[in-house]
Structures are given as C-alpha cells and as structure tokens.
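Dear colleague,

Please find below the structure that I am handing over to you. My findings follow after it.

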Amino acid sequence: MAMSQPQSLPYAIEVSPDSTLQFTITNDPPTADGAEGASRCVMTLRHPGLTNQHLAFKVKTTQPRRYLVRPNQGIVAPGSSETVSILLVDKERYVLWSTYDRLGQSALDHSKDKFLVQSCVVSDEFSSQFRNEPRGEAGQYKPELIEALTAMWNSATAQSSSGSGSVVPMFNKKLHVRHVAVPNNAMGSNNSATGGGASVAGTVGTSASMAAVGARTAGSRSLPTNLQEGNRNNTDQMSPDQMYEEVTSLRRKYDELVAFSVNLTAERDILNNTLEQTKRDLNREMATRSALEKQGLKVSSRTQDLKSKQSKGGVSMRTLVMAMVITFLFAVKATNNGSVGVLKKVPVLSKMLGFKCCSKHKTKEEVVENVETDEL
C-alpha cells in the first residue's frame with residue numbers, strides 16, 4: 001500500500017494506510033497477526049527524510065476505550081519507520097458483531113470512529129533520550145520517557161491553541177475507520193476443499209494449509225530446540241486428520257489466550273486513564289481550595305483592620321468611666337480646698353450649682369426683701 005504524501009513538509013510523517021483503517025469483525029476471538037478474521041490493524045509511520053532531525057508522533061482516537069493503540073506515541077529517526085498496532089477490544093468487537101447480526105453490514109458502514117496522527121520535529125537533545133533505549137511490550141517506552149513525550153505534546157498543543165510563544169509546527173493526518181463483518185461460514189468455506197469428494201490428497205492439502213495458518217498465528221515466537229524436535233517427531237507420526245485436529249486445537253487455545261491478554265491490557269489502560277483523570281481532578285480541587293483559603297485570609301485581615309480603625313476613632317466605655325471617676329475626684333479635692341468659688345463667676349454654672357451671687361448680681365426679690373427688713 002502506498003504511503004501518503006504530506007505535501008513535502010519537513011515535520012510531516014508519512015502514514016500508511018493513507019485514509020482508512022479497516023477492521024475485520026468475526027464471531028471468533030481476534031488472532032494475534034494480521035490474518036483474515038483478525039480484529040487488528042497495523043499502521044506504518046515513516047520518516048520521509050526531509051530533515052535531519054527526529055520526528056515525534058502521537059496517535060489519537062475518538063474512541064479510546066474501543067481501540068488499543070501500541071505504541072500511541074514515540075520518536076522516529078530520519079529514514080526509519082515505526083509500526084503501530086491497533087487492536088479492537090474484544091468487548092467492543094462483540095458489540096459490533098451483535099449490531100451486524102441484528103441489522104446487517106449497512107449498520108457498520110457508517111462508523112464515526114476516527115484516528116488522528118500528529119507529528120512534529122523535536123530537538124536533538126530531546127531525541128537523544130530515546131536512542132538505544134530498550135522497549136517493552138508492544139514497543140512501549142519506559143514510563144519516564146512516556147511522561148517526557150506527554151509533557152512535550154501538552155506544551156506544543158497549548159502553544160498552538162493559544163498562539164503565544166514559539167509555536168511548534170505540527171502535521172495532522174485524519175483516518176477514518178471501516179468495520180467489515182465476516183461470517184464464520186464464509187471463513188470456513190475458504191479453508192475447505194472444493195468438490196464433493198474428499199480424497200487423501202485433498203485432506204493432506206487442507207492439513208498443510210492449516211499448519212501454515214498455525215505457523216503464522218504463532219508469529220515470530222519460536223519454541224525451544226528440544227520442544228521443536230519433539231513436535232517434529234510427533235508430527236511425523238500423525239495422520240493428516242490428527243494433524244488437522246491438533247493444529248485446530250492449538251489455534252483455538254492460542255486465540256483464547258490472546259483474547260484474554262487483550263482484555264487485560266484494555267482494562268489496565270482504562271484503569272490508568274481513570275486514575276490519571278482522578279489525579280487531575282484532585283489537583284484542580286486542591287488548587288481551588290487553596291485559592292479560596294488565601295482569599296478568606298485576606299478578607300479576615302481586612303475585617304480586623306476595619307475593627308481596629310473603628311476602635312481608634314470612637315471612645316470606649318472603659319475610657320468614659322475612667323474620665324468620670326477622675327472628674328469626680330478632682331471635684332472632691334476642689335471642694336476641700338475651697339477652690340469651688342471660682343465657679344461662682346460663671347453665670348450659668350453658679351445658678352445650676354446653687355451658689356449665691358455677689359451684690360452686683362442680686363435679684364430684685366432680694367433687694368425688695370432687704371428694703372422691707374430695713375423699714376421694720
């Protein structure tokens with residue numbers, strides 16, 4: 001299949017297949033290779049060699065719980081390529097098969113599932129972390145390198161969306177998904193011999209083809225030497241029918257094991273995604289609570305300042321009582337010393353306090369009283 005031509009951009013990675021990812025849906029568990037009937041698709045990403053720098057890639061999907069992408073991000077050296085395996089989760093495969101069983105192929109023809117492949121140029125310093133690094137299951141990097149890639153993509157995406165700082169040029173390639181259901185009888189007819197009779201030659205040919213399928217199913221995993229020799233001796237002693245039954249049994253067991261491992265991996269990824277989402281929610285909640293607490297401290301400090309200002313501006317009850325006591329003591333002292341006469345000269349206070357006025361300020365009643373006394 002020809003690679004896509006991304007308009008000769010130095011930061012664009014070549015994607016194969018070009019526009020559509022096809023998944024074969026069967027009622028049997030998916031096989032581990034890309035043979036017919038497998039719910040698996042392989043995507044090849046190649047560095048076009050238009051730049052001497054490494055390219056970083058990231059594969060996204062609109063249905064992260066339906067597909068298992070391995071690896072979903074990585075680094076590609078100039079002139080090299082990376083194989084990305086996309087597995088349809090067994091639970092979702094059953095859902096799609098039940099949809100086909102009820103409504104037919106037309107219900108699967110208009111799938112809204114999509115994939116997005118992004119690529120950008122990375123510096124030599126960043127790409128040097130990934131050189132000669134051992135990779136684990138399905139080409140996965142170790143957790144430290146995965147976190148570094150995730151942080152790099154988050155930073156590049158944030159800069160592109162905000163437009164601030166040095167925007168990293170990114171290439172985006174969208175791919176559609178097509179689900180094709182293959183009934184079991186259709187697949188069985190491909191493996192059966194044509195014609196009414198079943199001769200010995202036909203049986204041997206069918207057994208040989210099933211043995212080849214079993215060899216492809218095993219993939220690149222090789223058995224130890226002693227087991228290979230024992231299997232070769234046992235195979236030589238088997239009849240074609242026994243060989244056919246043995247290969248069929250082994251293939252069934254292997255398919256069940258692969259389906260079980262795929263389900264475990266999918267559940268692990270779902271739990272990891274849920275854990276990461278919970279951590280982000282917790283960090284966001286802690287940041288919000290911290291901000292609210294800081295605002296609360298500021299408000300309380302302002303309230304205390306206002307109270308202190310009010311207390312400075314007014315007169316407290318204690319101060320008023322102390323002033324009254326001191327005034328009373330001074331009045332008693334003035335009375336004992338005979339200094340109260342000074343208040344007689346104040347017209348209003350002298351009348352309020354009951355002091356007798358001087359001769360200049362005698363009232364008419366007092367003058368008349370004095371005259372009557374003289375007459376008598």
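**Findings**

R70 counts as buried because its relative accessibility is 15%, which lies under the 20% cut-off. Please note that the model is a predicted one. R70 belongs to strand β5, which covers residues 67–70. Apart from neighbours within four places in sequence, R70 is in contact with T83, V84, S85, A138, Q140, R268 and D269.

I turn next to the sheet. Strands of a sheet pair through backbone hydrogen bonds, in either a parallel or an antiparallel manner. Five strands form an open sheet in the order β2-β9-β8-β4-β6, and their pairing is mixed. β2 (20–25) and β6 (73–76) are at the edges with a single partner strand each, so one side of each has no neighbour in the sheet. On average, neighbouring strands of this sheet are turned by 25 degrees against each other, direction ignored. Helix α3 (residues 143–162) packs on the sheet and touches β4 (55–61), β6 and β8 (114–121). The direction of α3 makes about 90 degrees with that of β6.

β2 pairs with strand β9 (residues 171–181) in the parallel sense, over six bridges. Within this pair, F23 has H179 as its bridge partner in β9.

Finally, there is strand β3 (residues 40–46). C41, M43 and L45 make up its covered face, while R40, V42, T44 and R46 make up the uncovered one. Strand β1 (residues 14–16) is joined to β3 by three bridges and runs antiparallel to it; S16 has T44 as its bridge partner in β3. β3 is also joined to strand β7 (residues 81–88), antiparallel, by seven bridges, and R40 stands opposite L87 in β7.

With kind regards

Definitions and conventions. Residues numbered from 1 in each chain as written. Predicted model: local features only at pLDDT ≥ 70, side-chain atom pairs only at ≥ 80, totals over all residues. Heavy atoms only, no water. Helix = DSSP H or I, 4+ residues; strand = E, 2+ residues; numbered from the N terminus. Buried < 20%, exposed > 50% of the residue type's maximum accessible area, 1.4 Å probe, protein only. Contact = heavy atoms within 4.5 Å. Pairing = 2+ DSSP bridges. Axes fitted to C-alpha atoms, helices over the stretch in contact; angles between N-to-C directions.
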